[in-house]
Amino acid sequence: RLEQMQKSMKHLEETVANLQSTPHTEAELRRIVKEFGLGARQVASKIEEKKVEVSFYKTYELKPGIVAYVGKSAADNDRLTKGARANDTWVHAVNATGSHVIIPQKQLKNASTDPEIIRRAAILALYYSKVKNNLGGEVYVTEKRFLKKKKGMPAGLWNVEKSKTIHVIYSAEELKNLLETKQI
């Protein structure tokens, strides 16, 4: 019985160390509370104290030093797009719901005319949309300044006032290689 208690204590100490070293979602914290049989009231205040900042976007490296930001939900797309600068590049699948992809202009500098960067951003926009299984499609490419959000528009929906449209076809291997560049 003593050996079992020592194992439990060691597991508890490891869990506490893990909690202190990395951020956790509220769901993970609740699972830990349940695992150790702690009272919800005891822990609820601790969870509230430790508001976990969960990113509202994913990041992928398009080329060394050039990162694309990809919204996770319609509300996150709004937040990402509203936070973009006027000359940041915005990419989105045409006529399909999906993630907004932002490439900050400050990263692009002289690379803004590199078609491979736009192609890779377009692949992300298509993959994180309703047409993800097609391995291709059309995307809008514009600067954030040409997007307008009118009062009352649903989350994620923006008016595109000016853009160019490109058609991209890609392989499963190309997609896999791009998805492997995801940054934490």
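Which residue forms a salt bridge with Arg145, and how far apart are the closest N and O atoms? I come to that in point 6; please keep in mind throughout that this is a predicted model.

1. Let me begin with the main core. The largest nonpolar core has 27 residues, and those with the most contacts inside it are Leu62, Val91, Val101, Ile103, Leu124, Val139 and Tyr170. Two or more residues each come from strands E1 (57–63), E2 (66–71), E3 (89–93), E4 (101–103) and E5 (136–143), and from helices H6 (115–127) and H7 (172–179). Helix H6 gives the most to this core, with 9 residues. Another core lies apart from it, made of 7 residues, among them Leu80, Trp90, Ile102 and Leu147.

2. Leaving aside residues up to four places away in sequence, Tyr170 touches Arg119, Ile123, Leu126, Tyr127, Lys132, Leu135, Gly136 and Leu175. Tyr170 is also one of the residues with the most contacts inside the largest core.

3. E3 is mostly covered, with 5 of its 5 residues buried. In a regular strand the side chains alternate between the two faces of the sheet. Here Thr89, Val91 and Ala93 point one way from E3, while Trp90 and His92 point the other way, and all of them are buried. Val91 is among the residues with the most contacts inside the largest core, whereas Trp90 belongs to the core of 7 residues.

4. Next, the strand pairing. E3 pairs with E4 in the antiparallel sense over 3 bridges, and with E5, also in the antiparallel sense, over 5 bridges. Thr89 has a bridge partner on each of these strands: Ile103 in E4 and Glu143 in E5. Ala93 has Val139 as its bridge partner in E5. E5 in turn pairs with strand E8 (residues 164–169), in the antiparallel sense and over 6 bridges. Within that pairing, Tyr140 stands opposite Thr165 in E8.

5. The aromatic rings are worth checking by eye. The structure holds 3 aromatic pairs. In one of them, Tyr60 and Tyr128 are tilted, at 6.1 Å centre to centre and with 40° between the planes. This pair links distant parts of the chain, with Tyr60 in strand E1 and Tyr128 in the loop between H6 and E5, 68 residues apart. Are these two tyrosines buried or exposed? Tyr60 is buried, because its relative accessible area is 1%, and the cut-off for buried is under 20%. Tyr128 is buried too, at 19%. Tyr127 and Tyr128 form an edge-to-face pair, 4.9 Å centre to centre, with 80° between the planes. Like Tyr128, Tyr127 is buried.

6. Now to the charged side chains, and the opening question. Side chains of opposite charge can pair when their charged atoms come close. The structure holds 5 salt bridges. Arg145 forms one with Glu143, and their closest N and O atoms are 2.4 Å apart. Arg145 counts as partly exposed because its relative accessibility is 38%, and Glu143 counts as partly exposed at 25%. Glu143 is also the bridge partner of Thr89 in E5.

7. The side chains of Asp114 and Lys63 meet at 2.8 Å, N to O. Asp114 lies in the loop between helix H5 (105–108) and H6, and Lys63 in strand E1, so the pair ties together parts that are 51 residues apart in sequence. Lys63 is partly exposed, with 30% relative accessibility. Glu180 and Lys176 form a salt bridge as well, at 3.0 Å, N to O. Glu180 counts as exposed because its relative accessibility is 53%, a value over the 50% cut-off. Lys176 is partly exposed, with a relative accessible area of 43%.

Conventions: Residues numbered from 1 in each chain as written. Predicted model: local features only at pLDDT ≥ 70, side-chain atom pairs only at ≥ 80, totals over all residues. Heavy atoms only, no water. Core = buried A, V, L, I, M, F, W, Y, C linked by side-chain atoms within 4.5 Å. Buried < 20%, exposed > 50% of the residue type's maximum accessible area, 1.4 Å probe, protein only. Helix = DSSP H or I, 4+ residues; strand = E, 2+ residues; numbered from the N terminus. Contact = heavy atoms within 4.5 Å. Pairing = 2+ DSSP bridges. Phe/Tyr/Trp six-rings, centres within 6.5 Å; stacked < 30°, edge-to-face > 60°. Salt bridge = Lys/Arg side-chain N within 4 Å of Asp/Glu carboxyl O.
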